[in-house]
Amino acid sequence: MRKIAVSAAGLTLAVGALGLTLAPVAAAATPCPSGAVCIRETNGSILSKNIFYSYGAHNLSNVTGDRVIVNNQTGGAGFQFCYGYNGGGGCSVVMRGVGESAPYNMTPINSVVLVR
């Protein structure tokens, strides 16, 4: 059996010669600013409307599907994800520590509550 070495440039040329296209590689996830809680879009980006700094309930608008919440607050502050507006409808336990949550299946009526 003969081994064949292919460079990245050679592979690109071969793919182009065949008339094939490749799906773009997803961009690196957008960082959540220090001191904030953020909700990631499905493509990894974070919209300015989904960056929260103040304690209390934040009602979500047009945020649906599986989304990850990023806690980048300082001083041990946390958040809860709730299935209703104004921190109602049943909420998760308070998530503390910097990092990303498991995905939440969001509906048209949800809120995120930032807690000290």
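Trainee: What stands opposite Gly78 in S7?

Mentor: Arg96 does. This is a predicted model, where local features need pLDDT of at least 70, side-chain atom pairs count only at pLDDT 80 or more, and totals for chains, interfaces and linings use all residues. Residues are numbered from 1 along each chain as its sequence is written, and side-chain values use heavy atoms, leaving out hydrogens and water.

Trainee: What makes S6 and strand S7 (residues 95-96) a pair?

Mentor: Two strands pair if DSSP finds at least two bridges between them, and strands themselves are DSSP E runs of at least two residues, numbered from the N terminus. S6 and S7 have two bridges, in the antiparallel sense, so they meet that definition.

Trainee: And how do you know that S6 pairs with strand S10 (residues 110-115)?

Mentor: There are five bridges there, antiparallel again. Gly78 stands opposite Val115 in S10.

Trainee: Why is strand S6 (residues 78-82) called largely enclosed?

Mentor: Because five of its five residues are buried, meaning under 20% relative accessible area with a 1.4 Å probe, protein chains only. Both faces are covered: Gly78, Gln80 and Cys82 on one side, Phe79 and Phe81 on the other.

Trainee: Why is Arg67 called buried?

Mentor: Its relative accessible area is 8%, so it counts as buried. Arg67 sits in strand S4 (residues 65-67). Beyond its neighbours within four places in sequence, Arg67 is in contact (heavy atoms within 4.5 Å) with residues including Ile39, Glu41 and Tyr104.

Technical notes. Helices (H or I, at least four residues) and strands (E, at least two) are DSSP runs, numbered from the N terminus. Buried means under 20% relative accessible area, exposed over 50%, partly exposed in between (1.4 Å probe, protein chains only).
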